[in-house]
Amino acid sequence: MSTPSGAAAAASPGPAPQAGGAPASGDSGAPAGAPAGTPGADGGRPAAESGAAGDSVGVGAGHGASEATARTGQGSLRAGMLRAAWTHVGGDQVEGDKIVITTTDDRGVVLRTLTATTVETVRHAFREPPRWDDILADAWQRRSVVLRGPRGAGKTGAAVRLLLSGGAKSWFLLDSVADLARLTELDGLGEGAGLLLDRPRDLGDLRGGQLAALEDLLEKADARLVVIAAPEAELGHGVGEYVQRVARPDSLDAVLAAHLGHRLGESEAGHVLASEGVADLAAALLDAAASCRDAARLAEVLAHESSLGTVDLDRVRSRMDQTAGESPEEWFEGLGDTVLRTQATALAVLGGLPQEDVALAASTLLDRFRSDRGVLAASVEDGPVPLRHDPFSRSRRLLAERLRARTVSTVTRGAFGTLPCTVAEYRDAQYPPRIIRHVWSEYFVQAELIDWIAELVDSPSQQVRSFAGTALGLIATESFDHIATQVFPRWIRNEDRGALRREAVAYALRVCVRVPALRPGVRALVEGWYLNGDWHAQAAAARAYGLCLGGVGPEEAVRALTRLGTVDHMRVAIAIGDAFADLMEENLAAHAPMVLRAVAEMVHDPASRACGHLVFLILADALVADTPAGDGLPARSRPTLLLLAAENPAGSEIRRVLGYLWAEVIGGELFGDQAARVLEGWSAQAEADPLLLDQLVRVLVDDVAARGPRVGRLLQRYADQWTDRARFRRLPRVARVLGAALLAGPSGPAGARSPDFRTGATGSSGAPHYSEPSVPQGGAW
């Protein structure tokens, strides 16, 4: 690689920050002083392949670098959207975030968080089954309970209620006994964690000795565990002494009334239940074969009907009968109407997203089956697709009934933060993956389906891109060879939307790598891209190493990304930055040290110096951590790297590496304007946050300015310009506090004799002491 002119000349004066905060030549045309990283109309998506001259060749300042470092929080947003997308198509029963607990192997244990809605429903609508007082008296003699009972007894609600009775403050779901066996620590869950293992397929592997061995771990973390056993499940040796049996309620009327009261209030619920015909309908629907879940479902339907003004008994019965004994595939076959089938497919791919996104996606899919005559392709024989579709032919409510769907008012996180919206989703979590697989395998619509998913992947919405790429991964688990040879090569070399398509390919491989039989294929595919001399393939490999580790362990993935830093191409460099952001979001505690060391190694190597600078700025801008409201402050997002530094003591490795990297990008020539903008973004968040301001100033003075007098002068220049009258956004508090702290000098052990981040050696002037590092094979420190 030929390093761009000036890339290694960090000691020479870099470009000064502009007085008005306006971008330098070649930057995007944001207004002077505009908030750093403010999402534009594209929602922070990667730039198109075509760009300013030079952006598609070497790593250097310009339009591409400015865009890559002005996507504030996009790395964290992407991680959250991918978790939600997998929850949707992966068939998880409960929506919510996930926590990964590090174990002795490279996989970790994934805990899904139970939604607050589920917990509150149990808290207010749970009705005690027979012998509940005896169960409560006996259950918590130990920290673990195994619940058994007949079908329809409401074991899941009983399990959550048991955890509530045990003082649980947070609730997490495990997937298998195998994951339970791999738990070695629970410190990251906080005090009062409740763990729920709901009817795992490998329940027969559970042994009483395993539960006994967990007692100390649960006791130390003040956590409790409930395992739900299906009635026909065989229990292993010694598990019987942990069993508590839940009986089915004698009548479901009380369960229905409780759930309806929770939704409507007791007074309105009483009116609904007293409506003509409702009692007889409830008696017919909630017979001896019905379950507690059926009673809760009837309450949901009655509440919905009540909101329309009158309770239509025929419609209630129809909605309750729709799910009786029919598989998702059989239901889809019976839809007949192509308009409904495209709606069902769009809901399978994008369910859980705002209803507007689902409706628009359904319309674009329907368009792909129209011809000049409005005749549908021969693969589906239930009639032509209309040239014009009457938007008033079905109301949204009636459409939801036909599609076995629902709309839910909630909040979702997007490019502009967490905002209220109405999402559309299937009522049954089994539908999305089964319908996607059915449409792909049973109809001759593969070409149209792939082109439609490609259109979704090109969307300005990170949410839509994440869900579409994850759906492609589900398809790839069915037809990996076809997707890997016929779709991925075209996507990663797309001239207009290559960056978006390569990101989606990584999303798809993230799903494939969950299938053990596909991991060797994923590894071979990504390794082939990595060794390919074509930059498109190398950028695709970088994204895969970040999102699915390329089928390898994290250390090997980090080494591959570090080596790719020697490729002198802007798109590869941006892909590496995004990949490192993905790795840190996956497991901050485990991956942050190795990632930051790798970036520092890239910066120290002249062959990858420019790439390392850009990668660090991407990490500083793209990673944010949400902090809940407290101490009189609202909920807010803060820079992850700044919080990471604040959590570590002065002089620690993390602080030294971060100080070194900030000093490099501020004092370097390549990305001075981008560094100023990212740092201004950090400072803007600290302007109204005293704690964050204190953390920021400590890091900048003790860890960054102490690296050398030139860096300190540049920081002082930034502070002076943040009060300039010509700026759209002024930061007087940060400027005043930082300026005073710079004059006072460092307060910590990284003061006048600042240790080198690699060796601990010091220089007499406070400048970093460079020496050629002794690096073992593979770049490990």
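Which residue in E10 is the bridge partner of Ala 405? The bridge partner of Ala 405 in E10 is Tyr 426. This is a predicted model, in which local features need pLDDT of at least 70 and side-chain atom pairs count only at pLDDT 80 or more, while totals for chains, interfaces and linings use all residues. Residues are numbered from 1 along each chain as its sequence is written, and side-chain values use heavy atoms, without hydrogens and water.

**Sheet**

- Three strands form an open sheet of 3 strands in the order E8-E10-E9, with antiparallel pairing (strands are DSSP runs of E, at least two residues, and helices are runs of H or I, at least four, numbered from the N terminus; two strands pair if DSSP finds at least two bridges between them).
- E8 and E9 stand at the edges with a single partner strand each, so one side of each has no neighbour in the sheet.
- Strand E9 (residues 405–414) pairs with E10 over 10 bridges, and the two form a hairpin with 2 residues between them.
- Within E10, Pro 420 stands opposite Val 411.
- Strand E8 (residues 353–354) is joined to strand E10 (residues 417–426) by 2 bridges, and Leu 353 stands opposite Ala 424 in E10.

**Helix pair**

- The axes of helix H20 (residues 462–478) and helix H21 (residues 480–492) come within 7 Å and cross at roughly 140° (axes are lines fitted to C-alpha atoms, for helices over the stretch in contact, and angles run from 0 to 180 degrees between N-to-C directions).
- The contact (heavy atoms within 4.5 Å) involves residues including Leu 472 and Ile 475 of H20 and Phe 488 and Trp 491 of H21.
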